[in-house]
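Here are my comments on the loops and the surface charge. Please read them with the coordinates open.

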Amino acid sequence: MIDGSSVTIRTRKYMTNRLLCRRQMVVDVLHPGKASVAKTDVREKLAKMYNCTADRVFTFGFKTNFGGGKSTGFGLIYDTMDFAKKFEPKYRLLRQGVIEAKAKTSRKQKKERKNRTKKVRGTAKAKVGQAAKK
């Protein structure tokens, strides 16, 4: 967790983006004598600063300056969670735990299904594909 005295969060280049229903800003994290700060902690602190819940805050792209002590990244605060789901890229939603990753089929299974469908013609191809899924 963040100690109130050791870590300072400042925002700059703040703007409200009405088209994407969000507020966006550059986030500067000052953390002298510490390694980089967890993004969850930065999200919680931003949520407190801008009077919203932490699940609507998305932080990314943090780079620590050479020598440490300061990190700079980007922060987005959506008006509602629905807008966040609509506009945020899937990988960021996954990273934050908003959506769950779909189960992947193995490469071998995909190739076997493809080769089974090559052996039949017409509408039977769909039936062969469905049988493989079950």
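1. Terms. Helices (H or I, at least four residues) and strands (E, at least two) are DSSP runs, numbered from the N terminus. The model is predicted.

2. Gly-97. This glycine sits in the loop that links helix 3 (90–96) to helix 4 (107–118). Gly-97 counts as exposed because its relative accessibility is 56%, and exposed means over 50%.

3. Cys-21. Look at the backbone here. Phi is near 55°, a positive value in a residue other than glycine. Most residues other than glycine have a negative phi. Cys-21 belongs to the loop between strand 1 (8–17) and strand 2 (22–30). Is Cys-21 buried or exposed? Cys-21 is buried, because its relative accessible area is 12% and the cut-off for buried is under 20%.

4. Asn-51. Phi of Asn-51 is also positive, near 50°. The residue lies in the loop between helix 1 (39–49) and strand 3 (57–64). With a relative accessible area of 72%, Asn-51 is exposed, whereas Cys-21 is buried.

5. Positive patch. Which residues form the positive surface patch? They are Lys-102, Lys-104, Arg-107, Lys-110, Lys-111, Lys-114, Arg-116, Lys-118 and Lys-119.

6. Lys-119. This member of the patch is found in the loop between helix 4 and helix 5 (124–133). Lys-119 has a relative accessible area of 70%, so it is exposed.

Methods. Residues numbered from 1 in each chain as written. Predicted model: local features only at pLDDT ≥ 70, side-chain atom pairs only at ≥ 80, totals over all residues. Heavy atoms only, no water. Buried < 20%, exposed > 50% of the residue type's maximum accessible area, 1.4 Å probe, protein only. Patch = residues over 30% accessible without salt bridge, like charges linked within 9 Å, V, L, I, M, F, W, Y side chains within 5 Å. Areas by Shrake-Rupley, 256 points an atom, 1.4 Å probe, with all protein chains shown as cover. Salt bridge = Lys/Arg side-chain N within 4 Å of Asp/Glu carboxyl O. Lys, Arg positive; Asp, Glu negative; His and termini not counted. Charge placed at Lys NZ, Arg CZ, Asp CG, Glu CD.
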